[in-house]
Amino acid sequence: MGAIMSKEIGIVAYGAYVPQLRLRRSAITQANSWVNPSSKAQGKGERSFASWDEDAVTMAVEASRDALGDFPRSAISGVIFASTTAPFADRLNSGIVAGALGAGDDVTAFDVSGSMRAGTSALIAGLGLAASNEGAVVVAAAERRRSKPGSSQELGNGDAGAALVLGHENIIARVLARFSVTRDFVDHFRATGDAYDYGWEERWVREEGYLKLVPEAARGVLEKAQLNARDIATLVLPSPLAKIEQAVAKKLGIPDTAIADGLSAKLGYTGSAHGLVMLAGVLETAKPGDRILVVNFANGCDALILEATPEILDFKPRRGLSGWLAAGKPVDDYMRFLSYNGEVGMEWGARAEFGNKYALTMEYRFSRDMLAFIGGRDKATRVVQFPKTPLAVAPDAAADRVAAYEDVPLANLQAKVVACTADWLTYHPSPPFYFGLVQFDNGARVQMEFVDVASGSIEIGAAVEMLFRIKEIDNVRHYRHYFWKATPATGVAAQKLEAAQ
Amino acid sequence: MSTGIRDKVAIIGMGCSQFGERWDVGSDELMVEAFVEALGDAGVTRNEIDAAWFGVSCDPINVGNSSVPLAVALRLPNIPVTRVENMCATGTEALRGAAYAVASGACDIALALGVEKLKDTGYGGLPVRTKGLFNDLWMPYGSAPGTFAQLAGAYSAAHGVPMPDLKRAMAHVSWKSHENGVKSPKAHLRKAVSMETILNAPLIAEPLGLFDCCGVSDGAACAIVTTPEIARSMGKANPVTIKSLQLSVSNGQESSYKDWDGSYVVNTRKASGRAYEEAGIKNPREELSLIEVHDCFSVTELVTMEDLGISSPGGAPRDIMDGFYDADGKIPCQIDGGLKCFGHPIGASGLRMAYEMYLQLQGRAGERQRSDVRFGLTHNLGGTPINNVACVGIFGRLGD
């Protein structure tokens, strides 16, 4: 037993993010009963779905922020982003994540994709990167997968993100061993440029895939760690297939009580992120000494065994998977779900024809402050403002020289609403468009969009916090520009929702 | 020490096209319609005009850029023409340019013309625009009603006025303008509307309903200005003169510095303060005879009553409900129907406000005519409550 690497590397933080919106599966089965009446039985529970302004990158950012809390961003040396639904095929998605987190320019960043194993593949790559680095490595996985209306994927999938921070100090879970099997077993595939998966018969996937390849990898990793199945406290087996965990556990000799919840009731299967999403949930309640077996099946299988350390009791994510799951807003808005995912084209009127080409030159000049939401404190007047401008905004600021600023990150601060409205006239993919003016205690004030707003929760003086979102998508060139939006501060929205119901 | 332009500029002719959904005509016809009326009114010929200022705001659906469209439409004899654009305050900005040219002695007779053809967009409301490539990066772009709607919540919070009371005062603002519009032959909307209809209209941007928003119209208005001396030499013994034209522009403190509470418009206060000083007005509530303000939305008019120093802080809703600003009140506001009912062709609106003052000061306002009109104020606001340009004009007779 012991660390598999010469230098002690492990998980030092974990976090998750789940979009607020949850679609009741009964809304899907009811809407599609005309074509598939037998799916009624599957209309139980809820699945999460991303809003129009969320994608794998924004969810990875939020999950990473959930894990990092106040962790110093300058200590991040690597950012690895895993997804099969990254918004850009060619533009470093992990670079956007790193920028939004406020990591320095000296980070190593790369994207991992290619299969539902991408999340654990990124974790494995991250362990290697962390071993050769002094700082911490953020491994963030997120998925926003499309599914054909009426398909079983539509019912079974969910949208979410998870993040692990790997490092050398205050390790809360160490990696005892890892083992991978790679086999071109094609249970499903999605060709480059296609929107949807194509899957093969489920019985074959269970019997030839999960029940053979997963045990092979699990036995391999147990042997490497010199452990037996009975030493495993928790089995994490992400899968879109119902009850496959029980069958695999039985085959391995792991008791049913050790099987981690697949999160289908409130979330759904979140693709390549699901292994890390489940792990982020398991770590919330893990006890020191717990050994966690993670097996991630896809064209083979990744297997890792983690062991919680006593430090796990001292760590809490900002909100954690359980917090995000509890903050859901269940809806029956099937058409909203379809529209957000581009499955139906709504009539948006002539205002939606607004040209929105972003000047990449302009974006780059301000990319650091815009991505990480950094304001500036004018060194002369000490007044904080956003954005930084050549001449500072304070009434007594100098006019005869360009201002010099100290960075003031705003992303992790709360602010208060000064003015707001719900605008039904302007084009917005999710009307009404909530926007207004917010005031930070440090003096910065910013005109902002409000998101994830329960009716009546945005009022003058209300506390808000910041979320990283898509500001706008260029419908012609398909570029997307990100910025921060304000949302009712943690707890506020949930309380309002309860009051409303 | 500047002496200002008080009584240095006389208005000798004005014209205003029919406002409304002018499906039958384009910008050129609108410009000519206003210009022909002004020329006849002034009793001058086209060749006597030394210079022109041309105001038009919404480029993509209009005449194209530069001053050439005005020069071509009016076939001006190769005189200097300046194109100005200052959002919804464009019309007053054009007048300001012409007035300053005359006041400086640079020219004897100058023309100001504003026009907007908004009904070529294919939809209701104003065309949407970017606010610049830098602002694209971070600024939320709401609709015009969305930006002004925010005044309401902030005003309610600042003055402790319950929203239902505020909504009622806002509804009275629109109700009154509809009553006035009926008596305004060139107005776009000439139909009285009940308070109940106004209060129950569909929401556009909370808390503004449909009737809290002004009309989007086609139209043009113009003015011909000269010196009082020349005006008198033309036989106009006591001409209408400009007592003041003041402009105030946001520098970003409302949006980026902590002081402003969102419940008023900084530049209206600054511009009106300077205008009163230039015009020698000590007590606007007592001295002004009538006012035309930028009632793009009912709540804008409401806060403007306080920003102009006519209603006390927090006192506008009461003054409004008391009928202080009604056609038969102490200081009628929007006696011609205002933006709300006369209509709001962006580039023309400031000049349309001046047109009503010009008529009223000469006793030529027909059914709408008030007695004893001495000083009239126009307030033309461009932009949003948070970033704007405010133009305040004061008009009277030379002898006053």
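About 1,300 Å³ of space lies in the second largest pocket of this predicted model. Its lining is made up of 48 residues. Those nearest the centre of the pocket are A:S152, A:G156, A:E202, A:P240 and A:L241. By class, the lining holds 19 nonpolar, 15 polar and 14 charged residues. Four elements of chain A each give at least two residues to this lining: helix 5 (152–156), strand 9 (188–189), strand 10 (198–199) and helix 6 (202–225).

**The contact between the chains**

Chain A and chain B bury about 3,500 Å² between them. Carbon and sulfur atoms account for 66% of that area. The contact takes 41 residues from chain B and 41 residues from chain A. On the chain B side, B:L137, B:W138 and B:Q150 lose the most area to chain A. Together these three make up 21% of what that side buries.

Helix 3 of chain B covers residues 90–104. Its 15 residues reach 21 Å from the first C-alpha to the last, close to the 21 Å expected at 1.5 Å a residue. How much of helix 3 is buried? Eleven of the 15 residues are, so the helix is largely enclosed by the rest of the structure. Buried here means under 20% relative accessible area. The buried set is B:T90, B:G91, B:T92, B:E93, B:A94, B:L95, B:G97, B:A98, B:A99, B:A101 and B:V102. After helix 3 comes B:G105, with a positive phi near 85 degrees.

Helix 10 of chain B spans residues 266–279. At 1.5 Å a residue, its 14 residues should span 20 Å. The end C-alpha atoms are 20 Å apart, which agrees. The buried residues in this helix are B:V266, B:N267, B:T268, B:A271, B:S272, B:A275, B:Y276, B:E278 and B:A279. Which elements do the buried residues of helix 10 pack against? In chain B they meet strand 8 (240–249), strand 10 (376–383) and strand 11 (388–397). They also pack against helix 9 (253–256), helix 11 (284–287) and helix 12 (298–307) of chain B. Helix 10 is followed by B:G280, whose phi is positive, near 75 degrees.

**Backbone features**

| Residue | Feature | Value |
|---|---|---|
| A:P387 | cis peptide bond from A:F386 | omega near -10 degrees |
| A:P432 | cis peptide bond with A:P431 | omega about 0 degrees |
| A:L263 | positive phi, not a glycine | phi about 65 degrees |
| B:D7 | positive phi, not a glycine | phi near 60 degrees |

A:P387 sits in the loop between strand 16 (384–385) and strand 17 (405–409) of chain A. A:P432 belongs to the loop between strand 18 (415–423) and strand 19 (433–440) of chain A. A:L263 is in the loop between helix 7 (244–252) and helix 8 (274–285) of chain A. Is A:L263 buried or exposed? At 11% relative accessibility, A:L263 counts as buried. B:D7 lies in the segment before strand 1 (10–16) of chain B.

**Two loop residues of chain A**

A:W348 is found in the loop between helix 10 (334–340) and helix 11 (360–365) of chain A. Its relative accessible area is 32%, so A:W348 is partly exposed. Leaving aside neighbours within four places in sequence, A:W348 contacts A:S339, A:Y427, A:H428, A:P429 and A:P431. One of these, A:P431, is also joined to A:P432 by a cis peptide bond. A:W348 and A:M370 are 22 residues apart in sequence. Their C-alpha atoms are 28 Å apart in space.

A:R318 is placed in the loop between strand 13 (300–308) and helix 9 (320–326) of chain A. With 43% relative accessibility, A:R318 counts as partly exposed. What does A:R318 touch, not counting residues up to four places away in sequence? The residues are A:E62, A:R65, A:D66, A:G69 and A:N412. A:R318 and A:G158 are 160 residues apart along the chain, and 22 Å separates their C-alpha atoms.

Conventions
Residues numbered from 1 in each chain as written. Chains lettered and ligands numbered in written order. Predicted model: local features only at pLDDT ≥ 70, side-chain atom pairs only at ≥ 80, totals over all residues. Heavy atoms only, no water. 1 Å grid on protein atoms, 1.4 Å probe; cavity = no way out; pocket = protein on both sides within 12 Å on 5 of 7 lines; lining within 4 Å. Points joined across faces, edges and corners; volume = space filled by probe spheres on them. Nonpolar A, V, L, I, M, F, W, Y, C, P; charged D, E, K, R; others polar. Expected span 1.5 Å × (residues − 1). Buried < 20%, exposed > 50% of the residue type's maximum accessible area, 1.4 Å probe, protein only. Contact = heavy atoms within 4.5 Å. Buried area = accessible area lost by both parts, 1.4 Å probe.
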